[in-house]
Every structure is written in structure tokens, then in C-alpha cells.
2 protein chains.
Amino acid sequence: MTVPAVALTQVRGRVDSALRAFAGQQRAVLLSAGDELLPGIEAMTGLLAGGKRLRPAFCYWGWRGAGGPDGPEIINAAAALELLHASALVHDDLMDASDTRRGQPSLHRQFEAYHAGRRWHGSSGAFGMGMAILLGDLLLAWTDEMFHGSGLPADALRRGRPVLDLMRTEVFAGQYLDLVGQAAGDGTLESALRVVEYKTTKYTIERPLHLGAALAGAPWSADAAATPGGLVAAYTAYGLPLGTAFQLRDDILGVFGDPAQTGKPAGDDVREGKHTVLLAIARARATGQQAAVIERYLGDPLLDEAGTAEIRTVITDTGAVAECEEMIGRHVAEAVAALADAPITSEARDALADLAVAATARDG
Amino acid sequence: MTVPAVALTQVRGRVDSALRAFAGQQRAVLLSAGDELLPGIEAMTGLLAGGKRLRPAFCYWGWRGAGGPDGPEIINAAAALELLHASALVHDDLMDASDTRRGQPSLHRQFEAYHAGRRWHGSSGAFGMGMAILLGDLLLAWTDEMFHGSGLPADALRRGRPVLDLMRTEVFAGQYLDLVGQAAGDGTLESALRVVEYKTTKYTIERPLHLGAALAGAPWSADAAATPGGLVAAYTAYGLPLGTAFQLRDDILGVFGDPAQTGKPAGDDVREGKHTVLLAIARARATGQQAAVIERYLGDPLLDEAGTAEIRTVITDTGAVAECEEMIGRHVAEAVAALADAPITSEARDALADLAVAATARDG
């Protein structure tokens with residue numbers, strides 16, 4: 001791995017500490033209900049130890065860009081977004097029947113194995129599912145607890161709440177559209193892009209930036225994002241192309257990524273039959289023979305190394321990867337350009353330019 | 001059905017209206033993401049239309065008892081607990097593989113049928129599961145949005161938050177203990193009672209009362225509940241026996257209840273192999289022959305009408321039902337007695353006495 005941008009590492013260590021402190025408090029509450037809670041606590045702690053902390057970084061720099069001072073309070077509030085994200089990962093892995101997350105067995109698989117190892121009653125799969133649902137719910141509920149316990153003044157929290165609320169409703173809407181789109185077999189580029197808008201662009205970049213801005217006192221509203229000249233609109237102008245670039249990088253890593261780097265098995269997106277933009281472009285560009293290879297492997301749960309290699313070659317041969325790389329470069333440049341005249345601090349301008357590159361780098 | 005207590009009906013209609021208004025606002029947000037969201041909105045709206053609103057009623061009367069004035073704000077804040085509860089029901093039904101809820105197909109079954117009817121790709125069961133996870137998550141996230149948008153002053157909300165936070169962590173801890181207890185085959189009375197304490201007593205009665213009290217300005221802390229003489233301790237003294245009575249009534253309805261009244265198929269608790277206090281008592285009192293009948297049917301997914309009738313007879317013959325009815329009467333009396341010297345308004349004292357009876361009545 002190359003050295004990540006300072007804008008990201010500067011926030012990451014402090015977010016890690018804030019999450020450890022929060023999880024430590026909850027550990028005491030949960031253990032007072034019973035020692036049986038310990039494996040659940042440990043599974044959540046393990047999951048929360050990983051991750052690039054992108055959403056907290058965007059929230060933090062959204063705050064700093066709007067003139068908010070550095071301090072532990074904004075780190076706590078930003079770190080709350082990682083609880084929401086961990087919840088989404090636990091539930092996503094369950095829905096996608098994913099075996100791995102951040103290089104470890106996914107949470108439902110951990111508890112499936114836990115149940116099987118003890119020869120307990122009932123189905124190990126159902127037990128793993130139940131644990132993943134409950135622990136994901138707990139992480140989701142904790143988002144608000146950490147946000148409101150951040151130490152930020154009540155006025156700031158009141159300004160931030162509508163953004164946090166909208167951000168959550170939007171990410172669920174995106175996941176819903178994804179689930180329905182995959183089931184209905186709606187493999188169009190337009191449908192894939194709408195899922196990207198809700199599941200990735202708004203959730204990972206635009207709303208975390210808006211949240212930081214609103215917490216710092218920038219006047220936020222759904223309309224402010226569409227009114228040129230203001231801070232909130234500048235964040236949107238930066239976030240929209242960057243979100244697309246970020247998702248395209250994720251699409252490429254989902255097919256071509258090294259498991260040591262992605263924490264997921266090679267070719268996982270193909271195995272799960274994900275309707276990504278990369279695959280939509282590949283299908284649109286494919287010859288009849290190439291299309292047949294894609295259809296053969298897409299969604300095949302038994303996809304092996306040879307099959308992964310074959311579909312990688314075909315996707316590359318269609319020119320879809322080159323087209324995606326070109327799109328990533330263009331979108332990152334567009335995002336950085338949108339900052340040029342933004343009414344933000346120069347420190348934040350530099351940090352957000354760094355973040356745009358770090359969030360879309362080939363080394364993930 | 002007999003006429004329900006005024007204390008409950010007075011709150012129910014207003015909570016219904018508050019939930020309809022909130023769901024209406026969210027409908028617009030979700031539809032702006034795509035028309036595909038409509039079936040999800042309708043499923044949530046249908047679920048939210050039902051229910052006795054017990055938790056909002058306890059929250060409302062907890063507030064009134066502490067001297068809080070009547071008004072739409074406390075109704076909104078109390079109604080937020082129904083969003084949390086609806087989320088728990090959706091996820092519980094999925095974990096328990098329950099087919100029915102409030103007389104309708106459970107949410108995951110609705111979307112399983114929706115998928116099957118459209119001959120969509122993939123497994124209908126996985127689609128139903130995914131939709132239930134997502135919609136349950138959305139309802140859970142909305143709890144905080146409705147609570148903070150209730151119109152109560154910022155100071156009141158700040159006082160109430162720790163109670164809402166603890167209440168959620170506790171109910172997940174209770175569900176976790178229930179899941180682990182059932183898998184580990186821990187069928188002792190002690191273990192069943194601990195699950196009742198967390199899943200029912202604290203969640204349905206004690207914490208909603210505490211939430212109302214804290215919102216109204218009563219000094220709340222984890223210690224206050226254990227310090228005799230104060231308002232918060234009086235609510236706990238009322239809530240603990242009432243929670244046990246409430247759960248025992250639920251246990252009896254789960255085996256003997258009329259589907260038209262419970263909204264669940266007859267004998268559902270037996271079919272699902274629930275480790276209830278009623279069944280723990282029945283097992284402890286059973287002769288060898290009676291125990292064999294209980295073991296044969298408990299957890300049998302194919303339990304039919306004849307089997308339900310047989311296990312009902314056996315449970316009654318052990319004397320477990322009579323013992324539970326006696327315990328219910330004793331605990332309700334204890335709950336009402338705890339109010340006698342409580343430092344609350346006389347109107348709230350009468351309403352809470354009514355609620356104790358309404359929450360544990362034979363007609364459910």
C-alpha cells in the first residue's frame with residue numbers, strides 16, 4: 001500500500017480511539033445483563049476496529065471547511081457515522097450471504113460457527129442470522145447515542161439532526177432500490193447509477209460533508225444543496241462526481257481486487273451477481289461471445305479461480321475497465337475543481353483534494 | 001372484547017394520528033428516491049396502523065404523573081416508541097420465522113409472496129428477508145427522528161435521551177439472551193425470568209415510564225430507580241411486578257389465545273419452541289407422561305390443531321395455567337399498591353391502575 005493522504009490518517013486514529021471509548025462504555029451496560037453477551041461485544045469490537053473511516057473524515061473536513069474548530073467533540077460526532085456503517089455492513093453481508101468482511105468471517109458466519117461448535121439446538125444458520133440482525137440493530141441504535149453524547153453543544157446537534165436523519169433514510173432507500181433492482185433483473189446503467197447516487201454518493205460523501213457543515217452552523221436545507229455559491233452547494237458539487245468515482249473504484253476492486261487488500265474473496269461481486277456500473281458497461285460493450293461468458297458466471301455461487309480469471313479477461317477485453325478508469329480520473333478532477341471557488345478554509349480545500357484522491361486510489 | 005381502560009384509549013387515537021402524520025412525511029422522502037419504494041411504504045404503514053400502543057401509554061402517563069402538561073409534543077415523543085417496537089416486531093418475526101403478525105402475513109412473508117408473484121430472479125425467501133431487514137432498520141432509525149422532531153424543548157429531549165438509549169440497549173440484550181438461551185437449551189425458570197426482565201418489563205413498562213418522567217424533568221439516573229421515595233423508584237416498583245404479569249398473560253395467550261384476538265395462529269409459542277415462564281412452570285410440575293407430551297410438540301413446526309389441543313390439556317392439567325393466573329393477579333395487585341404512596345398526580349395514579357389491568361386482561 002502507498003502512504004494514505006494525511007487528511008485521512010489524521011482523522012483515522014482519533015476516530016478509532018473514540019469508537020474504542022464508546023464501545024468500552026457499552027460493554028459494561030451489556031455485561032450487566034449477562035456474561036452471555038461477551039461474544040456479541042467482541043464481534044462488534046472486532047468489526048469496529050477496521051475500516052478506512054471515510055465517512056467520519058468527510059464529516060470532519062465538512063466541519064473544518066465551514067470554520068468549525070478542531071476538537072474531540074467533532075471527532076465523536078463524526079465517529080458515530082462508523083456505527084451506522086458497521087450496522088449496514090453486518091446487515092448487508094447477511095442479505096448478500098457474504099462469507100467475509102474486512103478479512104474475517106462475516107458476523108453471521110462467525111455466529112453460525114459458534115453455534116455449530118457448541119452443538120446447540122436448532123439451525124446454526126438461523127442462529128447466525130438472528131445474531132447478525134440483533135447486533136446490526138444495536139450498532140444502528142448506538143449511532144444516535146454516540147452522536148448526542150459527542151459533547152457538541154445542543155444547538156449544533158439540533159442543526160445536524162435533519163442531515164443525519166435524511167442520510168439514513170436515503171441509504172436505506174438506496175439499499176432497497178438495489179435489492180429490488182437485482183431481483184427484477186433491471187440491469188440498466190440508469191438503474192445502477194441511481195443506486196450509486198443513494199447508496200454511495202449521498203451516503204459516503206455528500207451527506208457526511210453536509211452533516212459537518214450543518215453542525216458548524218452553515219445553513220443547511222434540502223434546497224441549499226441546489227443553490228449555487230454557498231458552502232453546502234459546493235460540497236454537493238464536490239460530492240456528486242467523487243461519489244461516482246468512488247463507486248467505480250469499488251466496482252473494479254469487486255472484480256479485480258486483491259483479497260488481502262479488499263478483505264473480500266477475489267471476484268466476490270461476480271459471485272454475488274451485483275449489478276454494478278462496471279458490469280453494466282461491460283455488458284453494453286460486449287460481443288455476443290463475451291456476453292455469454294458474463295452471463296455464465298454472474299451470480300454463480302460456485303465461481304472459482306479459473307472462472308474469476310476468465311471473466312476478468314472478458315471484462316477487460318470489452319474495454320469496460322479502461323472506460324471506468326477514465327471516468328474515475330475525470331470525476332475526481334471535476335470534484336477537486338468544484339472546490340476552487342468554494343467558500344471554505346484553504347486547509348479544508350487541500351484536505352478534501354487529498355481525500356478525493358485517497359478515496360478513489362487503486363490500492364483501495 | 002370488553003371496553004378497554006380509558007387511560008389506554010385516550011392515548012391510542014392520538015398516537016395513531018401522530019404516526020400517520022410522521023409516516024406521511026417519510027412517504028414523500030422515500031418516493032423521491034423512486035416509485036419502487038411504494039410497496040415498502042405501504043407495508044410499514046399497514047404495520048404501524050395496528051397495536052395497542054402500550055409503550056406510548058406508559059410514556060405518556062409517566063410524563064403526566066411527573067407533572068408534565070397534556071399536549072401534542074409528548075404524544076409525538078411517546079409515539080416514537082411505536083417505531084422502535086414495529087422495528088423489533090419485523091426483525092423478531094424474521095428471526096422466529098413467524099408467518100403472521102397482527103392478523104396479516106408477517107413483513108418478510110409479504111415480500112416473499114411479492115417476489116414469487118412477479119417471478120423475479122433469485123430466492124423469494126432471501127428477498128423477503130432482505131426487505132424485512134431493511135424496513136426494520138428504517139423503522140428503528142426513524143425512532144430518533146420522531147423523538148427529536150416531537151416539538152418538546154431541547155432541554156427535555158436532552159434529559160430523555162439517556163433513558164431512550166438505555167431502553168434500546170436493554171431490549172437488544174434481552175433478545176440476545178433469549179436467542180442464546182433457546183439455542184443452548186437453557187430452559188430454567190431463572191433464565192426465562194431474566195429474559196422477561198429485559199425483553200418485557202424494562203422495555204414495555206419501566207423504561208417508557210422513566211422516559212416520560214425524565215422528559216418532564218424528574219431527576220433520572222440508573223441509581224434513582226433504586227432509591228426509595230422518589231418518583232422514578234415508584235415507577236420501577238410499579239413496573240417490575242406489572243412486567244412479570246404482562247409477560248405471563250402473553251405466555252398464556254401464546255398457547256391458549258384466540259387467533260382473532262392475538263393476530264397469531266393458535267399455539268404459536270409451542271410451534272416456535274419458545275422458552276416461556278408458563279412452559280417452564282408446566283415442565284417443572286409435569287409427570288413423566290405429561291413431560292413427554294410437552295417435549296414431543298415443543299418446537300414442532302408442523303404442530304396442528306389436534307396437537308395444540310393435546311398440549312393445551314396437558315399444560316392445564318399440570319396446574320401451570322392456574323399458577324400463572326394466580327401470579328398475574330398477585331403481581332397486578334402489587335403494582336397498583338406501589339402507586340399508593342407514589343409522589344404522582346392522582347389522575348396519573350388512576351390511569352396507571354387502569355393501565356395495569358388493561359395490559360394484563362384476559363382479552364389481551
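# Reading a two-chain predicted model

Student: How many salt bridges are there between chain A and chain B?

Tutor: The count between chain A and chain B is two. The model is predicted, and every value here is computed from it. In one salt bridge, Arg194(A) pairs with Glu36(B), with 2.5 Å between the closest N and O atoms.

Student: Which helices of chain A supply the side that touches chain B?

Tutor: At least two residues each come from α1 (6-33), α2 (38-48), α4 (72-96), α6 (124-148), α7 (154-184) and α8 (189-215) of chain A. Sorted by class, that side of chain A holds 29 nonpolar, 13 polar and eight charged residues.

Student: How should I read the size of an interface?

Tutor: Interface size is often stated as the accessible area lost when the parts come together. Here the area buried between chain A and chain B is about 4,600 Å², and carbon and sulfur atoms give 73% of it. Leu134(A), Thr169(A) and Tyr176(A) supply 15% of what chain A buries against chain B, more than any other three residues. In terms of contacts, 50 residues of chain A meet 49 residues of chain B.

Student: How do I judge the overall form of one chain?

Tutor: Start with the radius of gyration. For 364 residues, a compact globule would have a value near 21 Å, and chain A agrees because its value is 21 Å. The C-alpha trace of chain A spans about 55 × 55 × 35 Å along its principal axes. As for secondary structure, chain A has 16 helices and two strands.

Student: Can we take a single residue? Where is Ala286(A) placed?

Tutor: Ala286(A) lies in the loop between α12 (277-285) and α13 (288-297) of chain A.

Student: Which residues does Ala286(A) touch, not counting those up to four places away in sequence?

Tutor: Ala286(A) touches Ala291(A), Ile294(A) and Thr318(A). Thr318(A) is 32 residues from Ala286(A) along the chain, yet their C-alpha atoms are separated by 5.5 Å.

Conventions:
Residues numbered from 1 in each chain as written. Chains lettered and ligands numbered in written order. Predicted model: local features only at pLDDT ≥ 70, side-chain atom pairs only at ≥ 80, totals over all residues. Heavy atoms only, no water. Contact = heavy atoms within 4.5 Å. Buried area = accessible area lost by both parts, 1.4 Å probe. Salt bridge = Lys/Arg side-chain N within 4 Å of Asp/Glu carboxyl O. Helix = DSSP H or I, 4+ residues; strand = E, 2+ residues; numbered from the N terminus. Nonpolar A, V, L, I, M, F, W, Y, C, P; charged D, E, K, R; others polar. Rg over C-alpha atoms; globule rule 2.2 N^0.38 Å.
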